[in-house]
Amino acid sequence: MAGMFKKLGALAVAAEGARRYAQKNPDKAGKLLDQAAQFVDKQTKGKYSGQIRGATQKAKGAAGIHDRRGYGEPPPGPYERA
């Protein structure tokens, strides 16, 4: 049981570090989340696209990343505003 608490503590520290990184670098963190979501969606052959999209948006919200476009939407073109 003590080993489990140790692992949970380490996970909490890692999650806090990720949250701080995302707050300092929202564009990079958002891009990494989108890339991870695309990878998982590809590996599951689109079977869980809705759940992946929802989880990605929740993760962005928890990290304080406010992205107007969601996973699956193309990035703005060179002459479009984000």
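This is a predicted model: local features need pLDDT of at least 70, side-chain atom pairs count only at pLDDT 80 or more; totals for chains, interfaces and linings use all residues.
Student: What makes the contact between Glu 16 and Arg 19 a salt bridge?

Tutor: The closest N and O atoms of Glu 16 and Arg 19 are 2.4 Å apart, and a salt bridge calls for a side-chain nitrogen of Lys or Arg within 4 Å of a carboxyl oxygen of Asp or Glu, so the pair is counted as a salt bridge.

Student: Which residues are linked with Glu 16 in a network of salt bridges?

Tutor: The network links Glu 16 with Arg 19 and Arg 20; in the bridge between Arg 20 and Glu 16, the closest N and O atoms are 3.1 Å apart.

Student: Why is Lys 60 called buried?

Tutor: Lys 60 has a relative accessible area of 1%, and because buried means under 20%, Lys 60 belongs in that class. Its salt-bridge partner is Asp 34, with the closest N and O atoms 2.9 Å apart, and this pair links distant parts of the chain, Lys 60 being in helix 3 and Asp 34 in helix 2.

Student: Why does Asp 34 count as buried?

Tutor: Asp 34 stands at 10% relative accessibility, and the cut-off for buried is under 20%, so Asp 34 is buried.

Student: Why is Met 4 described as partly exposed?

Tutor: Met 4, which is placed in helix 1, has 44% relative accessibility; because partly exposed lies between under 20% for buried and over 50% for exposed, Met 4 is partly exposed.

How values were computed
Residues are numbered from 1 along each chain as its sequence is written. Side-chain values use heavy atoms; hydrogens and water are left out. Helices (H or I, at least four residues) and strands (E, at least two) are DSSP runs, numbered from the N terminus. Buried means under 20% relative accessible area, exposed over 50%, partly exposed in between (1.4 Å probe, protein chains only).
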